[in-house]
Amino acid sequence: MTDPYQQQPNQQGQYYGADGYPNAQQPQQPPSAPLPVPYSAPYSGGYPAQPYSAPYATPNPYAQYPPGYVPTRQSGMAIAGMIIGILALITFWVPFWDVIAALTAIGLSWAGIVQAGKPGYSGQGMGIAGLVCGIVAAIPAVIFLVLFFTAIAATSTTCAFYC
């Protein structure tokens, strides 16, 4: 009886080479498909064809998009409303500036939301963010404005020099 775990004698040429490693299988035929081009292919040179022929003509801005696709534009009012709303949040302690900034942010953001709802425009999220910032900034602005006028009224009724 033979031991199945016992090493078989090395027979050269059959499975193993002379050094004890398996023989590499050589392909029978050359590959029919061409080899892939490596990523570091040399630069082919030249410039791409220009979409216009005049030397100083303005190129078509839609030439880079597929046919039928029109890029959307950002709503400038939504962007301005969001920026002013953030500034109103930061400077809520300035009495008159913050009320004006908060009302401006609310108005611009509302107009930006309406404009972003039209076809060809985007920026509705920035309009909503500016609207929220403007409303949140208006609350402490009104409180600080009331405190400001109360402090002025309280100092003007006291007898400082003419009692």
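Biologist: Is Ser75 buried or exposed?

Modeller: Burial is judged by relative accessible area: buried means under 20%, exposed over 50%, and partly exposed in between, with a 1.4 Å probe and protein chains only. Ser75 is buried because its relative accessible area is 0%. This is a predicted model, in which local features need pLDDT of at least 70 and side-chain atom pairs count only at pLDDT 80 or more, while totals for chains, interfaces and linings use all residues. Residues are numbered from 1 along each chain as its sequence is written, and side-chain values use heavy atoms, with hydrogens and water left out.

Biologist: Where is the place of Ser75, and which residues does Ser75 touch?

Modeller: Helices (H or I, at least four residues) and strands (E, at least two) are DSSP runs, numbered from the N terminus. Ser75 sits in the loop between strand E1 (73-74) and H1. Contact means heavy atoms within 4.5 Å. Not counting residues up to four places away in sequence, Ser75 touches Gly112, Gln115, Tyr121 and Ser122. The C-alpha atoms of Ser75 and Gly112 are separated by 5.9 Å, although the two are 37 residues apart along the chain.

Biologist: What pattern does the chain follow along the sequence?

Modeller: The secondary structure comes to three helices and two strands, in the pattern β-α-α-β-α. Buried residues make up 17% of the 163 residues in the chain. Among contacts between residues at least 6 apart in sequence, 64% join residues at least 24 apart.

Biologist: How is the length of a helix checked?

Modeller: The expected span is 1.5 Å times one less than the number of residues. H2 has 22 residues and reaches 32 Å from its first C-alpha to its last, close to the 32 Å expected. For H3, the 33 residues should span 48 Å, and the end C-alpha atoms are 47 Å apart, which agrees.

Biologist: What covers the buried residues of H2 and H3?

Modeller: The cover of the buried residues of H2 includes H1, strand E2 (121-122) and H3; for H3, the cover includes H1 and H2. Among the buried residues of H2 are Ala101, Ala102 and Gly112, and those of H3 include Ala137 and Ala138.

Biologist: Which residues make up the largest nonpolar core?

Modeller: A nonpolar core is a set of buried Ala, Val, Leu, Ile, Met, Phe, Trp, Tyr and Cys residues joined through side-chain atoms within 4.5 Å. The largest one here has five residues: Ala88, Ala101, Ala102, Ala137 and Ala138. Helix H2 (95-116) and helix H3 (124-156) are the elements that give two or more residues to this core.

Biologist: Which helix gives the most to the nonpolar patch?

Modeller: Patches are made of residues with over 30% relative accessible area and no salt bridge; like charges are joined within 9 Å, and nonpolar side chains (Val, Leu, Ile, Met, Phe, Trp, Tyr) within 5 Å. A salt bridge is a side-chain nitrogen of Lys or Arg within 4 Å of a carboxyl oxygen of Asp or Glu. H1 gives the most, with five residues. The patch includes Ile83, Ile90, Trp97 and Val136, and Ile90 is exposed, with a relative accessible area of 53%.

Note on methods. Accessible areas come from the Shrake-Rupley method with a 1.4 Å probe; for residues, only the protein chains shown count as cover.
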